[in-house]
Amino acid sequence: MPSLDDLKKRIKSVKSTQKITKAMKMVAAAKLRKAQESAEKGRPYSQKMQNIILNLTKSINDPQNAPKLLVGTGEDKKYLCVVLTADRGLCGGFNSNICKLAKTNFKKILGERKELNIITVGSKGHDQIKREYGKYVIKKFSFKDKKNISFNEADEIGKEIISLFNQNKFDKCIIFYNNFKNVITQIPQAQQIIPAETKNLKESNDENFSYEFEPEEDEILEDLLPKNISTQVFKALLENAASEQGSRMTAMDNATRNAGDLVDKLTIDYNRSRQASITKELIEIISGAESL
Amino acid sequence: MSDKFTVEIISPDQTILKQETSEVVIPSFEGQMGILNNHIPLITFLRPGIITIKAEGEKKYYVEEGTVEFSNNNLLILTSTAKDVANLDKSQINDLIQKAEANLNAQSTDKERYVASYKLETLKEISQ
C-alpha cells in the first residue's frame, strides 16, 4: 500500500501530464484545420495533372518509344521505396502504420530476390526502418525545421527520384504515405509512381479528344512527367501532414481521457487510505481510553 | 451563343483563379498564343511570361513555367509560380531581375538559355 504522500505526488504528476496532452490536442486541432485545408486545396492540381497525362498517354501510338518514366524500363528487378512519415512522435499509430505497410512490402520484394533501395522522408520513419533495413536506405530527408510544407520540398524529393531513375538505379518506384480520410481514419497507402499507373483512370474517362500539341507530345511529356512525380510526392506530403495532425489529435484526446480516469481512480485510493488511517487512529485512542 | 469560356489557374497549394472570360493570352513555349472561345483541344506548356485574362478589366499573372490544357471550353493552367502582377512590388521585381541576370550566364544548353532570357525580358517589362 503506497503512503498518502506517494499517492498525492502521483495524482499531481498525472494531472500535469493531462494538462500537456490537453494542450497538445488543442494545438493539433488548430493545425489540423490548416493542414486539411491545404490538402483539399492541393487535390485539384494533382488530379488535373493526372488527367492531362492520361490524355497524352492515349494519343501515343508507339509505346516502344514512349518516355521511360511513363511506361517503365520494361524490367522488374530493382525497386525504390519512398517512405513518407512525420518528424515528430506522439501521434498514435501514424508512423508505425506506414512503417508496418512498408516493411511488409520490403519483405515481399526481398523474398522475390529483387533489389531494394529505400528513401525515407521524416526522421521517425527513418528511426523505425533503419533497425531492420538500415543497409538499404540510400538517402533520408527531413523537413523538421520547416513550418509549412511547400512545393519546393516535394520538388527536391522528386528531382532526387528522377536523377536516380536516370542513373538506372531502379525500375519501379513506390511511395508510402497515409491518406487522410477523416480525423479518425487515416489509411496507409502504397502508390506506384514509376511507371505511372494509368489503368484505373482509363475506365473512368471515356471521352476522347484529339488534341493539338505544341510542341510535339513527346516534348510535352518529357516536361510534364518529372513534374508529375513531384506533384504526386507533394500530394502525399500534404495528405500526410493532415493525417499526422488528425492522428495526433485522436491520440492526445484518448490520452487526456485516460489520464482523467487515472486521476479519478487515484483520488478514490487516496481518500480510502486517508479514511483508513483516521479510523485506525480513532480506534487506538478509544481503546487507549477504555483501558484506563 | 455566348463567347465566354472558363479559365482556371491552379497551383499545387491552391486554386488561384476561376472565372469566365472572353480571351486569354498565354506565353506558350513557342510564342504568344491567344485563346478564344471554341478553340480546338490543346495541350502545351509555358515559358516565362505574362498571362493576360480579358474579362471586365484585364488581369495579368506572371508565370515562370506551367502546363496548359484546353478542352470543352475550359482552359486549365497548371503552374507553381503564378503571381498577380498587381501584387508584385518594385523591390521584389528588381530582386528577381538580378537573380535572372546571374542565372542567364550560368545556363549551358540552348533551351535553358532561351527560357532564362525570356524570364529576364518579362521581368524588365513588368518593372517599367
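In the predicted model, the crossing of helices H1(A) and H7(A) is left-handed. Helix H1 covers residues 4-58 of chain A and helix H7 covers residues 217-291 of that chain, and their axes come within 5 Å and cross at roughly 160 degrees. Because of this angle, H1(A) runs roughly antiparallel to H7(A). The contact between H1(A) and H7(A) is made up of 30 nonpolar, 16 polar and 13 charged residues.

Helix H7(A) also packs with H5(A), at an angle of about 130 degrees and with the two axes 8 Å apart. H5(A) is therefore oblique to H7(A). In this case the crossing is right-handed, whereas that of H1(A) and H7(A) is left-handed.

One residue of helix H7 of chain A is A:Gln275. A:Gln275 counts as exposed because 10 C-beta neighbours lie inside 10 Å, and a residue is classed as exposed with 12 or fewer. Between A:Gln275 and A:Lys130 the separation is 145 residues in sequence and 54 Å in space, taken from C-alpha to C-alpha.

Helix H5 of chain A comprises the 16 residues 151-166. The buried residues in H5(A) are A:Phe151, A:Ala154, A:Ile157, A:Gly158, A:Ile161 and A:Phe165. Viewed down the axis of H5(A), these buried residues fall within an arc of 130 degrees, so they line one face of the helix. An α-helix has 3.6 residues a turn, so residues three or four places apart point the same way. The other side of H5(A) carries the exposed residues A:Asn152, A:Ser163 and A:Asn166. Following H5(A) is A:Asn168, with a positive phi near 60 degrees.

Helix H2 of chain B, residues 110-127, has 18 residues. From its first C-alpha to its last, H2(B) reaches 26 Å, close to the 26 Å expected at 1.5 Å a residue. Buried positions in H2(B) are B:Ala116, B:Lys119, B:Thr122 and B:Leu123. Seen along the axis of H2(B), the buried residues lie within an arc of 125 degrees and so line one face of the helix. B:Asp110 and B:Glu125, on the other side of H2(B), are exposed.

Positive phi values were also found in chain B. Most residues other than glycine have a negative phi. B:Asn72, by contrast, has a positive phi near 50 degrees, although B:Asn72 is a residue other than glycine. B:Asn73, likewise not a glycine, has a positive phi of about 55 degrees. B:Asn72 lies in the loop between strand S8 (66-71) and strand S9 (74-78) of chain B, and B:Asn73 is found in the loop between S8 and S9 as well. B:Asn72 is exposed, with 10 other C-beta atoms within 10 Å. For B:Asn73 the number of other C-beta atoms within 10 Å is 12; B:Asn73 is therefore exposed too, since the class extends to residues with 12 or fewer.

Conventions: Residues are numbered from 1 along each chain as its sequence is written. Chains are lettered from A and ligands numbered from 1 in the order in which they are written. This is a predicted model: local features need pLDDT of at least 70, side-chain atom pairs count only at pLDDT 80 or more; totals for chains, interfaces and linings use all residues. Axes are lines fitted to C-alpha atoms, for helices over the stretch in contact, and angles run from 0 to 180 degrees between N-to-C directions. Helices (H or I, at least four residues) and strands (E, at least two) are DSSP runs, numbered from the N terminus. Angles under 35 degrees count as roughly parallel, over 145 as roughly antiparallel, 65 to 115 as roughly perpendicular and the rest as oblique. A crossing is left-handed if the near helix is turned anticlockwise from the far one by less than a right angle, and right-handed if clockwise. Ala, Val, Leu, Ile, Met, Phe, Trp, Tyr, Cys and Pro count as nonpolar, Asp, Glu, Lys and Arg as charged, and the others, Gly among them, as polar. The expected span of a helix is 1.5 Å times one less than its number of residues. A residue is buried if 20 or more other C-beta atoms lie within 10 Å of its own, exposed if 12 or fewer, and partly exposed in between; C-beta atoms are placed from the backbone. The arc is that of the directions from the helix axis to the C-beta atoms.
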